[in-house]
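The following paragraphs are intended to be read alongside the sequence and the coordinates. They proceed from a pocket to the overall fold, and then to side-chain contacts.

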Amino acid sequence: MNSDFWKQFPTISGFDCVKMKRDIQAKIYEETKDLSSEELVAYFNRAGKKLRERGGTLARDAELSRVNE
């Protein structure tokens with residue numbers, strides 16, 4: 001990825017990416033800390049399915065833009 005690629009994503013003033021990551025990790029930890037191995041696998045399978053359903057179009061668009069570069 002070159003510098004032109006990143007120009008399409010404007011900076012968001014006051015946004016703290018590291019804080020967001022840590023908050024998400026803490027939320028996942030709280031939701032999964034008492035799960036068995038089987039329950040943990042099911043949790044992440046559900047999360048992966050949601051992500052694929054929500055991001056399928058975005059992933060295809062990103063792949064197409066990579067091919068066109």
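Which residues line the second largest pocket? The lining consists of I24, K27, I28, E31, Y43, F44, R46, A47 and K50. A pocket is here an open set of points on a 1 Å grid over the protein atoms alone, where a 1.4 Å probe fits, with protein on both sides within 12 Å along at least five of seven lines; lining residues have an atom within 4 Å of a point. The elements that contribute two or more residues to this lining are α2 (17-32) and α3 (37-68), and α3 gives the most, with 5 residues. The lining comprises 5 nonpolar, no polar and 4 charged residues, where Ala, Val, Leu, Ile, Met, Phe, Trp, Tyr, Cys and Pro count as nonpolar, Asp, Glu, Lys and Arg as charged, and the others, Gly among them, as polar.

The model is predicted: local features need pLDDT of at least 70 and side-chain atom pairs count only at pLDDT 80 or more, whereas totals for chains, interfaces and linings use all residues. Residues are numbered from 1 along each chain as its sequence is written, and side-chain values use heavy atoms, with hydrogens and water left out.

The chain contains 3 helices and 0 strands, in the order α-α-α along the sequence; helices (H or I, at least four residues) and strands (E, at least two) are DSSP runs numbered from the N terminus. Of its 69 residues, 9% count as buried, that is, under 20% relative accessible area, with exposed meaning over 50% and partly exposed in between (1.4 Å probe, protein chains only).

Salt bridges, of which the whole structure has 5, require a side-chain nitrogen of Lys or Arg within 4 Å of a carboxyl oxygen of Asp or Glu. One of them joins K7 to D4, with the closest N and O atoms 3.3 Å apart; K7 is exposed at 61%, and D4 is exposed at 52%. Another links K33 and E30 at 2.9 Å, where K33 is partly exposed at 42% and E30 is partly exposed at 48%. K49 and E53 also form a salt bridge, at 4.0 Å from N to O; they lie 4 residues apart in helix α3, and therefore about one helical turn separates them.

Finally, F5, W6 and F9 form one aromatic cluster. Rings of Phe, Tyr and Trp (its six-membered ring) pair if their centres lie within 6.5 Å, and planes under 30 degrees apart count as stacked, over 60 as edge-to-face and the rest as tilted. The structure holds 4 aromatic pairs. The ring centres of F5 and W6 are 4.9 Å apart and their planes stand at 85°, so this pair is edge-to-face.
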